[in-house]
Amino acid sequence: MDNGNNVLLDIKNLRTQFFTEGGVVHAVDGINFSVRRGEVVGLVGESGCGKSVTSLSIMRLIAQPGRIVEGQIIFDNEDLVALPESRMVNIRGNRVSMIFQQPQSSLNPVFRVGDQLSEVLQIHQDVGKEVGERRAIELLTMVGVPDPESRIKAFPHELSGGMAQRVMIAMALACVPELLIADEPTTALDVTIQAQILDLMRNLRTKMDTAIILITHDLGVVAEMCDWVNVMYAGRIVEQAPVVELFKTPKHPYTVALIGSTPILGHADKPLTTIPGSVPNLVDLPTGCKFWPRCTARIQHNLEICDKEEPALKTIAPNHTVRCWLYE
Amino acid sequence: MDQPNETVLRARNLRLYFQTRRGPVQAVDGVDFDLRKNEATVIIGESGCGKSSLAKAILRLLPRNAGTYDGEVWLHDQNIMLLNDESFRKEIRWRRISMVPQAAMNALNPVMRIGDQVSEPAIVHMNMTKEDATKSAVRMLEHVGVPIDFLHRYAFELSGGMRQRSALAMALVTLPDVVILDEPTSALDVLTQASIMNLMKRMKKELETSFILITHDIATSSELADNVAVMYAGQIVEVGDARRFFTKPLHPYSHALMASVPRLRETIEPEFITGQPPSLLNPPTGCRFKDRCPKRFDKCDEAPPMFIEEGDRQVRCWLYDDAIQMSRPEYQVVA
């Protein structure tokens, strides 16, 4: 890839596993990708493919019985995996922050939103209570919360879904992070509110050069927001490409199906593509390619290798890699 | 063009208000719409526009604080609003109009086996024997693609998609005339969503049922829709043929709604509507969308009636008033 100075985050061979009674869950199984400043990188895939665990790993928020077992997360020349927790707290919520799924359950129900917002500033920027409150009002104004002076006194349950999401975003932006991880930031919202939130994130990127990792299964949102896309399946990246190229010439059979499953306005004549079966059990993964039990391309092309040996990520065009035997 | 299908359900001036301490909430405020046999009418709008309340008003599933509840709902040639609650429950609900509630996958009874749950409506509403009901349930579960050995399982043992299918089977087991689907795919993964949409398309083809689909997911709704009704602040602001709606929405609100849908294969920057939908406690006078409308003009302070456009499309916006289009060319609708 091109000039290395701009790389803000570089994930190398990350493996995160959960040691459960039922066995070891290979939630993230050796992924590599990087994010440059001011770039929006998408992580897409079905529920349970490891998208959220990847983001929690970057935030170092993997709880017991989970653990990052291998790999490096280089953030601005520092390996977050090796960093002591005492230094990680200075990065988390400050230089790297996250918007979680389900805002209503991520906010603390017994604190007023203004206090939750100014807490971030008090901790990371060492401001007093009054300044914190003033900044909280500014932040709420910035994310488009009407009447912010009275909203800072509201409790989370008094906010609608869209409002709560904006408070979450305001909180994530409080310290002007260099990297923002947005985990399904608009899934629970109306299209109109979604459009507002996406616009807000776009502004942030152009005005403050914030890099964004966007996790979603809404490919429309990906097409609109991202520069790069990583398609994940069973804890692995199966395809990596610039967004336009990915939608124009998807290579991996899984990516092809994902794109085919998205309805297009006004083209309802043919059935949507679906994939039989469901994501594999991450404790007991199939041998070979993890997608073979659901793959129709394997049958069409009569490939015998798929269930025996796992394909490697192969570069098939500049900046476009895919993990599939079809392209070997 | 062949003959249009007969009308199954017709709502006229349907109103449902809720009593609150701060005053009446006008959740459904004078709604008219038609549903034809074996067709699907999609009702789209933002959260809080009254979509789900409309479903409740049609099925008469009223919460305790329901206040004003009037208007007409014609099922074929019977005004079912005139029935008393007991006959409504016996003759209409589930037997002729059924529903897949919002978050249906979590609406299943956790302590009842799937087979028993799906057959229950047939026992209660169709007076079937347990055996016959189980047979119908099995048939319907097969129809919607739930494996037969799931009959003895509990909801928590099923995936989201399978639970959604079971809820659909439960709504279809009595072979009703109309099924109301409230956000049937909103909590599901794209791939599961795609297979549920395909299933509903197939159900519509195979059974002679009509569907009312309530959703805020416009792209998905286009998969099933024959007609589209756009709801805003308790009222329907546009209604008409789906194909023409999706290519060229008429109302400025419909326009904004469509423009905010992210597209996969286009690079146009999506637009968005600023502000929030109004409170239904004190809806604005005049046009209810006027405060957020980019095309607002002086006439908007008066409540617009429904105007007829292109023969059979209806739109509640002064821009479509012929008198205004003639007299003020600056307000011409830009196509």
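## A first look at the two chains and a two-domain fold

Chain B is split into domain 1 (1-96 + 177-335) and domain 2 (106-175), with bounds that come from an automatic or database domain assignment. The structure is a predicted model, in which local features need pLDDT of at least 70, side-chain atom pairs count only at pLDDT 80 or more, and totals for chains, interfaces and linings use all residues. Residues are numbered from 1 along each chain as its sequence is written, chains are lettered from A and ligands numbered from 1 in the order in which they are written, and side-chain values use heavy atoms, with hydrogens and water left out.

### Inside chain B

The C-alpha centres of domain 1 of chain B and domain 2 of chain B are 29 Å apart. Their contact (heavy atoms within 4.5 Å) draws 20 residues from domain 1 of chain B and 15 residues from domain 2 of chain B.

On the domain 1 side of chain B, α2 (85-92), β7 (178-182) and α6 (190-206) each supply at least two of the residues that touch domain 2 of chain B. Helices (H or I, at least four residues) and strands (E, at least two) are DSSP runs, numbered from the N terminus. Of these elements, α6(B) gives the most, with eight residues. By type, this side of domain 1 of chain B has 10 nonpolar, three polar and seven charged residues. Here Ala, Val, Leu, Ile, Met, Phe, Trp, Tyr, Cys and Pro count as nonpolar, Asp, Glu, Lys and Arg as charged, and the others, Gly among them, as polar.

### Two interfaces side by side

A salt bridge is a side-chain nitrogen of Lys or Arg within 4 Å of a carboxyl oxygen of Asp or Glu. A polar contact is a pair of N or O atoms within 3.5 Å; within protein, one must be able to donate a hydrogen and the other to accept it, and residues adjacent in sequence count only if both atoms are side-chain atoms.

| Domain 1 of chain B and domain 2 of chain B | about 1600 Å² | 65% | zero salt bridges | eight residue pairs |

On the chain A side of the chain contact, the elements giving two or more residues are α7 (161-173), α8 (191-208), α9 and α11 (253-260) of chain A. The largest share, eight residues, comes from α8(A). This side of chain A divides into 20 nonpolar, 13 polar and nine charged residues.

Where is A:Leu219? A:Leu219 sits in helix α9 (residues 219-225) of chain A and is buried, with a relative accessible area of 3%; buried means under 20% relative accessible area, exposed over 50%, partly exposed in between (1.4 Å probe, protein chains only). Leaving aside neighbours within four places in sequence, A:Leu219 is in contact with A:Val44, A:Phe247, A:Leu258, A:Ile259, A:Thr262 and B:Leu264.

In chain B, B:Ser53 belongs to helix α1 (residues 51-59). B:Ser53 is buried too, with a relative accessible area of 13%. Not counting residues up to four places away in sequence, B:Ser53 touches B:Leu16, B:Phe18, B:Ala27 and B:Val28.

Key. Buried area is the accessible area (1.4 Å probe) that two parts lose on being put together, summed over both.
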